[in-house]
Amino acid sequence: MNDSDLFQKFCVQQREGTGSWHTVKCAHGAVFDGGSVNRWVQAKHRGTLQFRGALYETDWNSHKLRLQFVTPTETVRVR
């Protein structure tokens with residue numbers, strides 16, 4: 001938590017192999033509380049899926065969300 005931040009939103013992101021990251025679901029977010037996310041996903045293809053969390057924030061001077069940090073990536077191999 002950063003005292004200069006106004007609004008935080010936590011999101012879960014997924015990618016297949018080395019593709020680009022896509023947002024699976026975001027919490028509603030709140031002032032100084034990014035929220036939590038529970039989400040079931042089902043693999044449609046064999047291969048590697050990767051997941052990570054991403055925290056977005058705004059500051060007092062802007063209403064545009066910016067990426068603050070991401071969690072370490074979790075990798076799942078689908079057979």
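The largest pocket of this predicted model has a volume of about 320 Å³. A pocket is defined on a 1 Å grid over the protein atoms alone as an open set of points where a 1.4 Å probe fits, with protein on both sides within 12 Å along at least five of seven lines; lining residues have an atom within 4 Å of a point. Its volume is the space filled by probe spheres set on the points. Of the 18 lining residues, Q14, E16, Q42, K44 and L49 are the closest to the pocket centre. The lining divides into five nonpolar, eight polar and five charged residues. Strands β1 (5-16), β2 (22-26) and β3 (47-59) each supply at least two of the lining residues, strands being DSSP runs (E) of at least two residues.

Residue Q13 lies in β1. Q13 is buried, at a relative accessible area of 5% (buried: under 20%, 1.4 Å probe, protein chains only).

Strand β3 pairs with β4 (residues 66-70) in the antiparallel sense over four bridges, where pairing requires at least two DSSP bridges. The two strands form a hairpin with six residues between them, and E57 stands opposite R66 in β4.

Residues are numbered from 1 along each chain as its sequence is written, and side-chain values use heavy atoms, with hydrogens and water left out. Local features need pLDDT of at least 70 and side-chain atom pairs pLDDT 80 or more, whereas totals for chains, interfaces and linings use all residues.

Methods. Ala, Val, Leu, Ile, Met, Phe, Trp, Tyr, Cys and Pro count as nonpolar, Asp, Glu, Lys and Arg as charged, and the others, Gly among them, as polar. Buried means under 20% relative accessible area, exposed over 50%, partly exposed in between (1.4 Å probe, protein chains only).
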